[in-house]
Amino acid sequence: MPSEIPNCIIRAMNLYDNDDILALCHDAFMYLGDQVNVTMMKIDHNCLHVAEDIDSGKVIGVCSGFNINTKCATFGEYSIAPRYRRFGIGNLLWSRCIAHCSNRNCGILASPKNVFKYREKSGFCVIPSRKLVQYCGYPHLFMLNKYHEDCDFEWINVYNLPDVIAYDEQVCGFNRTQFIQYSIGESSSVGMMARDIHSGKVMGYGIFRRSNQFSTIIPQPLYATSVEIAEALMYNALQKFAGFDKVFMECWDINTEATTLASQKLGLENIKTLNIMFTEYDIQANFGNIICNSPSQFYPF
Ligand SMILES: CC(C)(COP(=O)(O)OP(=O)(O)OC[C@H]1O[C@@H](n2cnc3c(N)ncnc32)[C@H](O)[C@@H]1OP(=O)(O)O)[C@@H](O)C(=O)NCCC(=O)NCCS
């Protein structure tokens, strides 16, 4: 550990910091899409801040505070490299993100050991009872439905994008045009949607991302009207990824079909259970249709 306070600056993330941030999050066991930070920066330019050791030029800390809209924000990716902890660098980064998200209702996911700290020191006093469960492992893909008799499956493209955006808004209550558009434009992601063959209505969609953890794919989000449709979306979309090993899923415990899919059918291991906390009020969504959360560093649904 450095014996003196390290020579650090806090600054907004630049595009060239992405690999360093992915590595930092990897070391802190945080799973995230390998281009999701770049996507989120396009939507909210200063949503990510980093700490840089100006002697070595290395990025040694990160924190995100993402403005979902003028009323709501989410905090995440809060991590400092182990040997730089307890010098107050975390707090400096945190303050910068607080300033960016000022006067909004803020959400954060916290491990049970951090709940007390966030409530007492940072004012996250609204703690709903639902929890976000993270699963990871080698998926039993042979267990999944490969088809659905009432649905066609399409890659998301400019023609079906408006329908996907409208479906997403029905589920989460927010218009996320930019998020979906930029996410499917990432070179390492694929987006797939399900459409009812009789009514033409969208019945679900997913964006599947390569991640910062070696050969692990993350569906973020995976929303569907039924878990059978979600299974077929996942099975078909995963075929696009050559040489992947594992799947990481974030499911709300109140959607037992989602947790059963992750744990029983796919055989993934429960690696973490996190509390969702807010500063002012709970942000509700249609959790029955949320099989996997959107990137949880940026959205609480
Ligand atoms: C949490 C973390 C980012 C703090 O960074 P840091 O530079 O050591 O923090 P500081 O020196 O500014 O502050 C030190 C103390 O304040 C706490 N703290 C820092 N920011 C805080 C915040 N926003 N709210 C509440 N407590 C906070 C720290 O946990 C630490 O508590 P401790 O003394 O009981 O261990 C760092 O410990 C870390 O990377 N931990 C591993 C990843 C992690 O757990 N992230 C949080 C995800 S929920």
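**Notes on the predicted model**

1. Annotated site. In an unreviewed entry, UniProt lists Glu-280 under "active site". The coordinates discussed here belong to a predicted model, and the annotation comes from the record. Glu-280 sits in the loop that runs between strand E12 (269-278) and strand E13 (290-292). Leaving aside neighbours within four places in sequence, the contacts of Glu-280 are Asn-105 and Val-126.

2. Exposure of that site. Is Glu-280 buried, exposed or partly exposed? Glu-280 has 16 C-beta neighbours inside 10 Å, so it counts as partly exposed. The cut-offs behind this are 20 or more for buried and 12 or fewer for exposed.

3. Domains. Contacts between them involve 19 residues of domain 1 and 24 residues of domain 2. On the side of domain 1 that touches domain 2, at least two residues each come from helix H1 (18-27), helix H2 (36-43) and strand E5 (105-110). That side of domain 1 is made up of ten nonpolar, seven polar and two charged residues.

4. Helix packing. A packed pair of helices is described by the angle between the axes and the distance between them. For helix H7 (residues 227-238) and helix H8 (residues 256-265), the angle is about 40 degrees and the axes are 10 Å apart. H7 and H8 cross in a right-handed sense. On H7 the contact is made by Val-227, Ala-230 and Glu-231, and on H8 by Glu-257, Ala-258 and Leu-261. By class, the residues of this contact are four nonpolar, no polar and two charged.

5. Cis peptide. Most peptide bonds are trans. The bond joining Gln-220 and Pro-221 is cis, with omega about 0 degrees. Pro-221 belongs to strand E10 (residues 216-224).

6. Positive phi. Most residues other than glycine have a negative phi. Glu-77, which is not a glycine, has a positive phi of about 50 degrees, and Arg-86 has a positive phi near 65 degrees. Where are Glu-77 and Arg-86 placed? Glu-77 is within strand E4 (residues 72-80), whereas Arg-86 is in the loop between E4 and helix H3 (89-100). Glu-77 has 29 C-beta neighbours inside 10 Å and therefore counts as buried. Arg-86 is exposed because 10 other C-beta atoms lie within 10 Å.

7. His-45. This residue is in the loop between H2 and strand E2 (48-53). His-45 counts as exposed because it has 11 C-beta neighbours inside 10 Å. His-45 and Met-13 are 32 residues apart along the chain, and their C-alpha atoms are separated by 8.8 Å.

Definitions and conventions:
Residues numbered from 1 in each chain as written. Predicted model: local features only at pLDDT ≥ 70, side-chain atom pairs only at ≥ 80, totals over all residues. UniProt positions renumbered as here; feature names shortened; annotations may be inferred. Helix = DSSP H or I, 4+ residues; strand = E, 2+ residues; numbered from the N terminus. Contact = placed C-beta atoms within 7 Å. Axes fitted to C-alpha atoms, helices over the stretch in contact; angles between N-to-C directions. Left-handed = near helix turned anticlockwise from the far one by under 90°. Nonpolar A, V, L, I, M, F, W, Y, C, P; charged D, E, K, R; others polar.
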